[in-house]
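Have the viewer open as you read.

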Amino acid sequence: MVSYHHEEFIGQCLDSCIIQTGDDYDLKIVVADDGSSDRTQAIIEDYARAHPELIVPVLSPCNTGIAANFNRGIEAATGDYVAWLGGDDILMPEKIVRQRRFLNDHPEAHGCYHDAEVFAWPSDQTLGLFSVLYAGKAATTDRVDARRMLDPRYQMLPSTVMVRRAHIRHRFDGRLKFHNDFLFDLEVIVPDGAYWRMDGVLARYRKHDKSIGQNPQIKSEMLEENLMVGAILEARYPALSPYVAKRQSYYIAISAIRALKAGNVRMFDDLCILLRTRSGWARYLFMKIFGRVLVSLDDPRNRKFAMKIRSYIPW
């Protein structure tokens, strides 16, 4: 589990982890906190004193960034299986035992994942399934290999993933500010592995104003981070280059639409040219002709319709 300024959520998160214990395996809850200045670390220490056999606190005295915090957690984890959880999310009962059993039954799987329920905080209102809200339709793919994972229409929540420690070959890349989890998860299955999908909803994803996805700076750096991830992947795995190009084209198009929405026509034109260099004239002309129509789909009121369209566009 990784946390940063989660004093409002960390107790509920830890409670959902403590109940995951089983008779036939040894559960350890590694909690890596990245120098929180609120009460998050004090709460973690209280839980560690109450459950010394379960909770392993890894507390940084200062903020070092997402990658360093995750890496400290990885180094402290010693089990055969590693499952991720954000300090503001919640596990459903039996999530860990079910994922562990699934991987025991499917030794060829490098890892497994499931769907999650998205809820708003502080109202606790259920908003829907993660797959529907963020990918446009419920997950149906049984096996997700690297090519599928690079498809921008596909979304996998890190807090739903369990991987075999034996397949962890890299650590989180400190050159990336926030997209390091995608690169890490993908490299677990490169070149010929896959994540296998489990049925059921085994986690709750909390949507709130302080979550990383709501940070305006992170939103503004979305394209930069995705292009950096693509460059790293192409350097390490040249065979994935066509699929990386498709993913990058999608994020270039999204950035172009948002530039046009903000009235920055010059940036829109420049991004359209970049889109042409990555994926050819057809997508360039499509964006130039239909750009203003696509701007209306970036309105939150049209999100459901936009996600449905996105799920069928073969970027």
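The charged end of Arg247 sits over the ring of Phe182, 3.9 Å from its centre. Here a charge sits over a ring if NZ of Lys or CZ of Arg is within 6 Å of the ring centre and within 35 degrees of the ring normal. Arg276 does likewise with Trp281, its charged end lying over that ring at 4.7 Å from the centre.

A word on the model itself: it is predicted, so local features need pLDDT of at least 70 and side-chain atom pairs count only at pLDDT 80 or more, while totals for chains, interfaces and linings use all residues. Residues are numbered from 1 along each chain as its sequence is written, and side-chain values use heavy atoms, with hydrogens and water left out.

**Aromatic pairs**

The structure holds 14 aromatic pairs. Rings of Phe, Tyr and Trp (its six-membered ring) pair if their centres lie within 6.5 Å; planes under 30 degrees apart count as stacked, over 60 as edge-to-face and the rest as tilted. Phe70 and Trp84 are edge-to-face because their planes stand at 75°, with ring centres 5.2 Å apart. Phe70 belongs to helix α3 (residues 66–76), and Trp84 to the loop between β4 (81–83) and β5 (90–91), 14 residues apart. Helices (H or I, at least four residues) and strands (E, at least two) are DSSP runs, numbered from the N terminus. Both Phe70 and Trp84 are buried, where buried means under 20% relative accessible area, exposed over 50% and partly exposed in between (1.4 Å probe, protein chains only). Ring pairs also join Phe70 and Trp84 with Phe172 and Phe184 in a cluster.

A further pair is formed by Tyr134 and Tyr205: centres 6.2 Å apart and planes at 85°, so edge-to-face. Since Tyr134 lies in helix α5 (residues 130–135) and Tyr205 in strand β10 (residues 195–207), the pair ties together parts that are 71 residues apart in sequence. Tyr134 and Tyr205 are both buried.

**Backbone spots to look at**

At 43% relative accessibility, Asp124 counts as partly exposed. Glu94 has a positive phi too, near 70°, and is placed in the loop between β5 and α4 (95–105).

**An enclosed helix**

Seven of the nine residues of helix α1 (residues 10–18) are buried, so it is largely enclosed by the rest of the structure. Among them are Cys13, Leu14 and Cys17.

**The cavity**

Grid points are joined across faces, edges and corners, and a volume is the space filled by probe spheres set on the points. The count comes to one cavity of 30 Å³ or more, and about 40 Å³ of space lies in the largest cavity. Its lining includes Leu150, Asn226, Val244 and Arg247. Helix α9 (222–236) and helix α10 (241–261) each supply at least two lining residues, with α9 giving the most, four.

Technical notes: 1 Å grid on protein atoms, 1.4 Å probe; cavity = no way out; pocket = protein on both sides within 12 Å on 5 of 7 lines; lining within 4 Å.
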